[in-house]
Amino acid sequence: MSTVYITDCHIHTNYSSDSDAPMEEMILSAIQKGCDEIAFTDHVDFDERYDFTDYAVYMPVIYELAEKYKNDITVTFGVEIGLESLWADKINALTQKFPFDFIIGSSHAVCTKDLYFDRNEFFSGKTKTEAYNTYWDEMLKNIGACRDFCVYGHLDFVSRYGTYDDNTLRYEDYADKIDAVLKALIENGKGIEINTSGFRYGINTVYPSIDILNRYKQLGGEIVTIGSDAHFVKDVADHIGCAYDMLFEAGYSHITVFRHRKPKFIKL
Ligand SMILES: [Zn+2]
Ligand SMILES: [Zn+2]
């Protein structure tokens, strides 16, 4: 691993309401684990039940720490935004207001139903096929409406919260829907991420599945970032080696990072 450029471009800190991790400790942990580059991506979700990361406070702290540790690691200024097409105006205003290096757009809610808080409301009365089809359809709308994100986060994340006996989401069962999403991402110059949080949430692999990553590559997608989605210091760079293995398995020989929302490809 020593010659590979190690990145963890999905990290939360105590500026997110669901993490108590101090930013500086996350940086020190990343350095200790051999990361060359990380991105802080604290949450913005326009669902009122979430607190809102205060960027006026958050941004200067990131810049100060990035400068302090610049000889050891590259630290970039990011955000993870919960995408919903009905909030597109607010989302687009936020992305224009701050000079983000990197924006992860994620589906945390579908048709205003939060997949965590409202899981019973969202899934009940729907077959798995109906619920997962709705998830992909709404994602397609989000991609059209929210134009400034860089990568779509944890693409098949709905399977974390399904309330079925078997929540597995297989590419072949939703191939048309997933292809429509992947093609829209590629046409709009957007990437996907390999998110290793699945190892901490019971699926024992990454989001998305290798089949979806392979399909993104097959359709011409070149922009893939890697992130742990750490909310705790111990989880920085968690299973990052597995994500790199998967990247290579899918045929990639570069990793993507972002500067001022522009992809930068680093050969591995
Ligand atoms: Zn997320
Ligand atoms: Zn996250």
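Two residues are in contact if their C-beta atoms, placed from the backbone, lie within 7 Å.

## Model and numbering

This is a predicted model: local features need pLDDT of at least 70, side-chain atom pairs count only at pLDDT 80 or more, and totals for chains, interfaces and linings use all residues. Residues are numbered from 1 along each chain as its sequence is written, while chains are lettered from A and ligands numbered from 1 in the order in which they are written.

## Core

The largest nonpolar core has 69 residues. Such a core is a set of buried Ala, Val, Leu, Ile, Met, Phe, Trp, Tyr and Cys residues joined through C-beta atoms within 7 Å. Buried means 20 or more other C-beta atoms within 10 Å of the residue's own. Ile103, Phe149, Ile194, Ile226, Ala243 and Leu247 have the most contacts inside the core. Helix H5 (residues 128-145) gives the most to this core, with six residues.

Leucine 247 is in contact with Ile194, Val224, Ile226, Tyr252 and Ile255, leaving aside neighbours within four places in sequence.

## Sheet

Seven strands form an open sheet with parallel pairing, in the order S1-S2-S3-S4-S7-S8-S9. S1 and strand S9 (224-227) are the edge strands, each pairing on one side only. Strands are DSSP runs of E, at least two residues; helices are runs of H or I, at least four; both are numbered from the N terminus. Two strands pair if DSSP finds at least two bridges between them. S2 and S3 pair over eight bridges. Glutamate 37 has threonine 74 in S3 as its bridge partner.

Key. Buried ≥ 20, exposed ≤ 12 C-beta atoms within 10 Å, placed from the backbone.
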